Each structure stands twice: as structure tokens, then as C-alpha cells.
Amino acid sequence: MQMLIDGRWVEASSRERIQVYNPATGSVVDTVPRAEREDVRAAVDAAEESLKKWSELPAIERSRILLKIAENVRQNSEELARTLTLEQGKPLNEARSEVNSFANCCEYYAGLIGRHRNVQNEFLTGEGFFVVTKIPVGVVGAILPWNFPVSLLGWKVAPGLAAGNTFVVKPASSTPLTDIKVVDLMYKSGLPAGAVNIVTGPGITVGEEIVRNPKVSKIAFTGETGTGKKIMEMASDQIKRITLELGGSDPMVVFEDADLELAVEGAVWGRFRNCGQSCTSVKRLILLEGIAEQFISKLVEKVRTIVVGNGIEPSTHMGPLHNEQQREKIENMVEDAVSLGAKVLVGGKRPEGEEFSKGYFYLPTVLTNVSEEATISNEEAFGPALPVYVVRSEEEAVELANRTIYGLGSSVWTKNLERAFRVAEMIQAGTTWINSPPIARAEVPFGGFKQSGLGRELGVEGLEHYYETKSIQVYDYSKGRKWRFPI
Ligand code: NAD
């Protein structure tokens with residue numbers, strides 16, 4: 001495939017290409033251009049050029065185009081989902097729901113266009129009035145990870161376009177294909193040339209050029225906390241606007257009065273969906289001691305039934321990890337926990353058999369007796385291993401839940417809603433789900449406390465990050481004048 005710059009298919013100036021691999025088979029799915037800094041500059045120029053046209057398009061037209069994009073994405077969802085499974089590894093059903101969530105996001109923000117009211121108010125001193133308006137930030141650089149390439153594209157371009165901004169998008173080098181197809185559909189839906197440009201290439205050249213380019217006014221980044229810190233540092237040079245959606249180590253706390261069947265299902269869905277590679281995967285399971293034994297035995301029974309395989313097969317529940325480094329990271333975390341006394345109740349190794357020999361598979365794993373010193377207790381576990389901790393009280397549960405540098409998601413399972421709200425308020429995380437695994441919704445703001453991020457995506461709050469606030473002050477001198485230089 002090629003890149004889309006200024007609405008046209010283009011090669012990289014270097015003519016070099018990057019191979020995109022299927023994580024289930026190791027085979028090459030396709031190749032994309034390896035862009036250089038000058039290709040990014042061309043994309044930024046195109047986005048800047050189209051800014052006036054896009055931002056001045058009547059709001060109703062922008063809304064119609066977003067709705068058309070959603071319709072076209074839905075009509076092509078099967079092909080998009082298959083491409084996503086081939087390049088990312090997730091099961092086809094999950095890929096379908098991710099593509100669907102992109103369309104939902106476009107529809108939600110299409111509906112918000114033109115809904116906000118500009119504020120107009122009298123000065124407190126009565127000398128006139130002021131108007132507060134919202135204007136688009138300008139050219140936005142959207143930098144994406146590989147775990148949810150399509151929905152996270154939607155979280156950025158849907159509100160950003162709704163607010164009148166234009167984009168340079170950089171997908172992760174290992175998952176560019178579905179995003180390129182989505183951007184192509186955006187143009188087929190009436191988006192003017194240059195409003196969304198997609199450039200493929202490494203983070204250290206393409207990503208850094210987007211962040212450092214003075215014509216880019218805002219960076220919307222999703223990825224690892226370490227990369228987020230580098231981006232924040234680079235962006236500080238020009239006080240560039242940034243939103244950062246970073247890593248997490250989300251706790252799931254289960255109280256004695258929870259619906260245990262539902263909570264077990266929630267833990268399995270929350271940990272093993274996308275092979276454990278979600279920013280809001282359940283990364284630490286915290287059980288009250290009264291139900292721990294029963295819960296763990298139901299959990300292990302359920303985890304044993306997870307079918308691991310190539311995501312393209314309809315029978316597969318969990319696909320491979322996205323790449324070899326991810327698999328090694330999770331393997332090392334499990335080994336480290338075991339060396340510090342953890343017990344592997346299920347999984348803890350790679351599956352055996354010819355069908356698994358070329359992909360990055362790892363069995364769904366449950367660990368108990370996990371030391372608080374273990375890496376898995378402290379760092380983001382981005383793979384299918386679930387450490388279980390047993391606590392004696394609500395206070396202990398909250399203390400353990402908050403014992404992390406992260407603060408992205410969390411969940412509380414109890415039938416006692418008073419307790420649910422109390423604990424939700426005490427957990428330091430951007431979202432707490434009550435009796436539900438982590439599900440992001442277009443209408444609910446999403447983002448992190450602590451080192452999990454900065455700013456919010458989704459909801460009305462997400463839209464706000466794509467505007468500058470402009471105040472216009474109007475004086476009525478018939479009512480006197482308060483300012484006067486003393487000469
Ligand atoms: P990553 O940080 O390695 O890469 C993300 C993107 O940044 C890629 O496109 C990469 O090429 C680019 N990049 C890398 N170095 C760069 C640099 N110096 N300058 C500019 N761009 C650069 O992350 P990943 O491994 O692709 O994704 C997994 C991570 O994303 C996990 O930590 C996960 O928790 C996090 N994540 C967070 C959210 C959220 O909403 N909070 C959602 C999904 C994933």
C-alpha cells in the first residue's frame with residue numbers, strides 16, 4: 001500500500017518500504033512506505049493548506065461528511081476487520097467491534113458539531129461585555145499505537161475534524177494497513193484533499209518530525225508512558241498542545257457480595273481480550289479473602305476453556321501477542337514472579353503444536369501468591385497473564401489498587417452501590433467501571449490520572465482539547481472609562 005498525502009497515493013521519497021507481518025503466522029501481509037522527514041513536511045503542508053477550507057466549511061457539511069465516513073466504514077467493515085486481524089493478530093470478532101467503534105465515534109461527534117454555545121456576558125463592572133468563542137487548534141499530529149489502531153484513530157480524528165482541525169496521522173509501523181484503508185474511505189466520503197494525511201514510518205524520524213514541526217499545533221498521542229514522556233519533552237520546546245493516553249496497571253477489585261459468575265467472566269474478558277494488550281486490560285485482580293478460593297477456582301476453570309489460535313479462525317477466542325518482544329516481556333514477567341514465589345495455576349508457557357510454531361502465542365495465565373516486589377505487580381503487564389492478590393479489607397484493597405504509578409482504569413465488583421461509589425472515588429484512576437469490565441464509549445470521557453496520561457479523549461471533554469478558547473472584550477465608552485495612563 002501507499003501513503004495518502006494531500007488526498008493522493010504517494011511513495012516515500014526514499015522509495016524504501018516497511019514489511020507488515022501477520023503475528024499469527026510470521027508471514028508478510030503487505031508493505032508500506034518508509035517515510036522520511038521530508039514526507040512528513042509535505043503532509044504537514046497539505047494539512048495546513050486544507051485547514052482554511054475544512055474549518056470554514058459550514059458545520060452542517062462537516063457533520064454530514066463525518067456521518068458519511070461512518071456509513072462507508074460500516075459498509076466496508078468486513079474487509080477492514082479482516083485486514084486488522086491480519087496485521088494486529090486480534091480475533092475477527094474483536095476486529096469487527098473495533099471497526100464498529102470507529103463508526104460510532106464519528107457519529108457521536110457528527111452529532112456534537114454546532115451544539116456548543118459561545119458565551120457572551122457583561123463585565124462585572126458594567127463597562128461592556130465579552131464573548132468567549134472556540135476556534136480550532138490547527139494542524140494536529142495523531143500518533144497511534146498498534147493495539148487498537150482503528151478505534152484510537154477515531155478517538156482523535158472524529159472530534160478533531162468536528163472542531164475544524166486537519167491531521168497528519170502516524171500509525172504504528174506494524175499496523176498501518178487498516179488505518180490507510182480507513183483514511184481512503186474518508187476521502188471517498190467527501191473529505192477535502194489534505195484534511196487527513198497518513199504517513200508511515202519509524203517513531204524516531206516520522207514521529208519526531210511530526211512533534212517538532214512548528215506548523216503542527218497539537219499532538220494527540222497514544223502509546224507507552226516512556227514514549228509519552230519523550231513527546232512531552234519535545235513538545236515543550238514550542239509549548240505545543242498535547243494529549244497523552246498512556247499505559248496502565250488497572251486493578252479489578254471483587255468484594256464478597258459481588259455476582260461471582262459475572263465477575264469471573266468480567267475478569268476473563270478484561271484480561272484476555274486482545275491477548276491482554278489493552279491499555280485498560282485488567283492487570284491486577286484483587287479479591288476479598290472470603291471469596292478468593294471460590295473465585296480463583298471458577299476463574300481457572302474458565303481460563304482453561306479459552307481457545308488460542310489464529311484470529312482469522314472463527315473458533316479462536318484469543319490470538320497471538322503482537323510481536324516477539326511483547327511475548328518475551330510477558331514471559332519474563334511470569335518467570336520473575338515465579339522466581340519470587342508465585343504459583344502458576346494455568347498457562348505460564350507457550351502453546352505446543354505446529355500451528356503455533358511461527359506466531360507469537362502464549363497461553364492465558366493465572367498467577368497467585370504474587371510478591372509485591374515482582375515486576376508484574378509494578379509495571380504494565382501487556383499480555384495474557386493475570387496476577388491475583390488476596391486482601392482482608394476494603395482499605396487494604398484500595399491501598400493495593402493505588403499502589404502504582406499508573407491511574408488509567410479500574411473496576412469495582414459489588415452489589416452494594418454505596419460501597420461501589422465510595423471505593424470508586426478513592427481509586428486514583430481516570431475511569432472506574434462498576435460491575436463491568438473495561439468498555440470505552442464515545443460519549444464518556446477517557447484518560448488517565450498520574451503517569452497514565454494528560455487530558456481526555458472522547459465525550460464532550462475530548463472535543464474541548466481540539467479547540468483554543470478565544471476571548472473577545474468589547475468596551476462601551478458611553479458608560480465611562482476605567483483605564484487611563486496618568487499623563
Ligand atoms: P509506543 O509508545 O511504542 O508507540 C506508539 C507510537 O509512538 C507509535 O506510532 C510509535 O512509532 C511512535 N513513537 C515511538 N517513539 C516515538 C518518538 N520518539 N517520537 C514520536 N513518536 C514515537 O506504544 P505501543 O507499543 O505502540 O503501544 C502500546 C502502549 O500504548 C501501551 O503502553 C498501552 O498501555 C498504551 N495505550 C494506551 C491507551 C490509552 O488510551 N491510555 C490506549 C492504547 C494503548
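The entries below go from the ground rules to the ligand and its surroundings.

I am working with a predicted model, where local features need pLDDT of at least 70, side-chain atom pairs count only at pLDDT 80 or more, and totals for chains, interfaces and linings use all residues. Residues are numbered from 1 along each chain as its sequence is written, and side-chain values use heavy atoms, with hydrogens and water left out.

I first listed the shell: 27 residues surround the ligand, with L144, E224, T227, L246 and E380 the closest (a residue is near if one of its heavy atoms lies within 4 Å). I sorted this shell into 15 nonpolar, 7 polar and 5 charged residues (Ala, Val, Leu, Ile, Met, Phe, Trp, Tyr, Cys and Pro count as nonpolar, Asp, Glu, Lys and Arg as charged, the others, Gly among them, as polar).

Next I checked polar contacts (pairs of N or O atoms within 3.5 Å). I found a side-chain N or O atom of T227 at 2.6 Å from a ligand oxygen. For L144, a backbone N or O atom lies 2.7 Å from an oxygen of the ligand. I also noted a polar side-chain atom of W146 at 3.0 Å from a ligand oxygen.

Then I looked at cover: the ligand alone exposes 860 Å², and the protein buries 91% of that (Shrake-Rupley method, 1.4 Å probe).

How values were computed. A polar contact is a pair of N or O atoms within 3.5 Å; within protein, one must be able to donate a hydrogen and the other to accept it, and residues adjacent in sequence count only if both atoms are side-chain atoms.
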